[in-house]
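This report goes through one structure, from its domains to its core and the contact between its chains. Please look over the sequence and the model first.

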Amino acid sequence: MNWQSVSMIYRHEMARFFRTIWQSLASPVLSTVLYFVVFGAAIGGRIESVEGIPYAAFIVPGLMMLTVLQQSVSNASFGIYFPKFSGTIYEYLVAPTGWAEVTLGFVGAAASKAILIAVIILVTSFFFVGVHIVHPLWMLAFLALTATAFALLGFVIGLWAKNFEQLQIVPMMVITPLVFLGGAFYSASMLPPFWEQVAKLNPVLYLVSGFRWSFFGLADVPVGVSLMAVGLMIVVLLAAIRWIFLTGWRLRD
Amino acid sequence: MPPIIEIDHLSKQYAGGTRALDDVSLSIEQGEILALLGPNGAGKTTLISIICGLVVPTGGTVRVGGHDIRTDWRAARKLIGLVPQEISLEPFETVANSVRFTRGLYGEGPDEAYLEQLLRSLALWDKRDAPCRALSGGMKRRVLIAKALSHRPKVLFLDEPTAGVDVHLRREMWTVVSDLRASGVTIILTTHYLEEAEEMADRIGVIDKGHLMLVRPTAELMGEFGRKQLTVELDAPLDALPQGWADRGITLSPDGRRLGYDYDARAERTGIGRLLADLNAQGIGVRDVATTQSSLEEVFMSLLENGAEARR
C-alpha cells in the first residue's frame, strides 16, 4: 500500500475544497435554512408532531442525509472526472499507485467534505430547533458509512461519465428523487400499507431510517437491516471500482 | 551492466482487431538516448504506453530495471517518468504544487531542496507559484518534464516532446534533454522530427505498422544508409559535360559552374579519385570541393520503402 500517494490525493482534493470554502459551505447552509423556514416553520407549524417528535426536529436527520448524499456523490464524481477531462488521469495510471490507493484518496476526501458540511448543518439546525441526539456515536457511524457509500457511488459515476452532462444526470435524476422518496421529510409508517412496502425498495430509506434512529431511537426498519444495506452497498461499489481499474474500462485505451 | 529495459516479443492487438505492435524485441542500455521514429500509427506511442502501464499488452514481456511491468509493477513504475504527448496539467494548480503532487503519487515524501534544484534546472523556479494555466507552451512542457523527474526516475519517456513547438523552443528542449542525459537518465523519445533524432539520439529505432524494423547507432545508420553528394565548384563555367561523364552520374548545374556527383560512402571505390583525375586531365580548374550527406529523412523513407517491399 502506497500511503504517501493516498495522503497526497486526499490532501490535494481537500485543498481544492478549502480554496472555495465559502462557495462550498454557503450553498448547503442556505438550502438548509430555507428548508427549516419552509418545512419547519411554515408547514411544520401546522403539524404538531411525528411519532411524538416536533416536525422541525424530525426533519433534521433527513436534511443532513440529503446533503451528505448530494455532497458525497458530487464531490467524488467531480474529483475523479476532472483529471479525466483535463487529461491528467495518466498520472494516476502510470504511478506505482493501485486502485485501492486512488479510491481511498478520492473517496476519503469526498466523504470528509460531506461529513463536514453535514456537521455544519446540524449546528445550524440548533438555531431553529432543539435536537437531542440519543445515540451520538451511532449517529457519527451512520454519517461516516453513508458518506463513504455515496462517495463510492459518485466515484463510479465519475469513472463512467464521458462528459459533464452524464456527470450531472445521475445525481439529478436518481439520487435526489430517492432521497425525497426515502423518508427524509416523513416517516414511512405515515404511508398507506402498500406504499410503505414500495418505499422499502428504496435503499435510501434504510439509511435515513438508521440515521433517524441514532437521533430519536425511532426507525422505519430495524437498525441492523440499515447497517447491512449500507455495508452491502459499500462492498458492491468497491468490487465495481476494482473491476474498472483492473480492466481499464473508460480509463485506459 | 544489464540493460535498463528488456522488451521481449511484445505484441498488442486492440479490441477492434488493430495490431499496433507485432513481436517487438528490444534492449535499452542505461544512460543512452534512444529515438523511436515512425509515421503516425506506427506503434511508437503504444510501445511507450505499454512500458509505462497505460496500455495492457496482449503478448510478450517487458522488464524495467529487472522488474516485470505486470507482476512487479510497483517497482518497475518507480523507475519510470513519462512526459506525455499532450500538455495535460491541472490549470489552477501552481507549478511547485503540481510537481509535489506527482512526487507524492510515486510514494516519495517532500524534498524541497530537490524541488528547487529541479525547477531551477528547467528554468521554472521563478514561476513556482504561478498557476499552470498562466504559463507559455514551452514552460508547460518543462513543467511536464519536472513532474516526470520529480521522483528521480532512471528512465524518462518523452512522447513527441517538441510536437507543435516553434524552432526556438525545440532547440531549448534539446538542451534540456542533453542535460538530462549528462545526469545519467536513460531517455527514450518518440519523434516525427528526424533532425531531432539525428541531433540527440545515440541509437535510432524505426517502427512501421507495429514492426520494429531496425535499431542502430545513429552514426552507423547514417553511414550505412546515407549517400553522399560531391559538389565541385569550377574556376570557369562549362558549356557541356565532357562525353561519357553523364553516364557516370555526374551532373552539371544550369549555369555550368558546378558539378554534382552522387556516391555511396561505403563503397570500396567511390569514383571521387577518378573524377578529380579526369578534371585535371581535361584542364578544368577547380575552385572548391564540398560533400553533403543525405538527411535522415531520406534514410527513413528508404527504410520504409524497403520494409514495404519486403512485406509484399
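## Domains of chain B

In this predicted model, the C-alpha centres of domain 1 and domain 2 of chain B are 45 Å apart. The domain assignment places domain 1 of chain B at residues 5-223 and domain 2 of chain B at residues 227-293.

## Overall form of chain B

Chain B contains 10 helices and 14 strands. Its C-alpha trace spans about 75 × 45 × 40 Å along the principal axes. The radius of gyration of chain B is 24 Å, whereas a compact globule of 312 residues would have one near 20 Å.

Of the 312 residues in chain B, 37% are buried. Contacts in chain B can also be sorted by separation in sequence: among those between residues at least 6 apart, 70% join residues at least 24 apart.

## Helix α9 of chain B

Is helix α9 of chain B, residues 272-281, largely in the open or largely buried? A residue counts as buried if 20 or more other C-beta atoms lie within 10 Å of its own C-beta atom. By that test the number buried among the 10 residues of α9(B) is one, so the helix lies largely in the open. Just after α9(B) comes Gly283(B), which has a positive phi of about 70°.

## The largest nonpolar core

In soluble globular proteins, nonpolar side chains tend to be buried together. Here the largest nonpolar core has 141 residues. The members that touch the most others in this core are Met65(A), Ala151(A), Phe155(A), Ala35(B) and Phe157(B). Helix α3 of chain A, residues 55-86, supplies the largest share of the core, with 17 residues.

What does Met65(A) contact beyond its neighbours within four places in sequence? The residues in contact with Met65(A) are Thr146(A), Val179(A), Ala184(A), Leu207(A), Val208(A) and Phe211(A).

## Where the chains meet

Between the two chains, 19 residues of chain A are in contact with 22 residues of chain B. On the side of chain A that touches chain B, the elements giving two or more residues are α1 (3-19) and α4 (89-94) of chain A. Of these, α4(A) gives the most, with five residues.

Sorted by class, this side of chain A has seven nonpolar, nine polar and three charged residues.

Methods: Residues numbered from 1 in each chain as written. Chains lettered and ligands numbered in written order. Predicted model: local features only at pLDDT ≥ 70, side-chain atom pairs only at ≥ 80, totals over all residues. Contact = placed C-beta atoms within 7 Å. Helix = DSSP H or I, 4+ residues; strand = E, 2+ residues; numbered from the N terminus. Nonpolar A, V, L, I, M, F, W, Y, C, P; charged D, E, K, R; others polar. Core = buried A, V, L, I, M, F, W, Y, C linked by C-beta atoms within 7 Å. Buried ≥ 20, exposed ≤ 12 C-beta atoms within 10 Å, placed from the backbone. Domains from an automatic or database assignment. Rg over C-alpha atoms; globule rule 2.2 N^0.38 Å.
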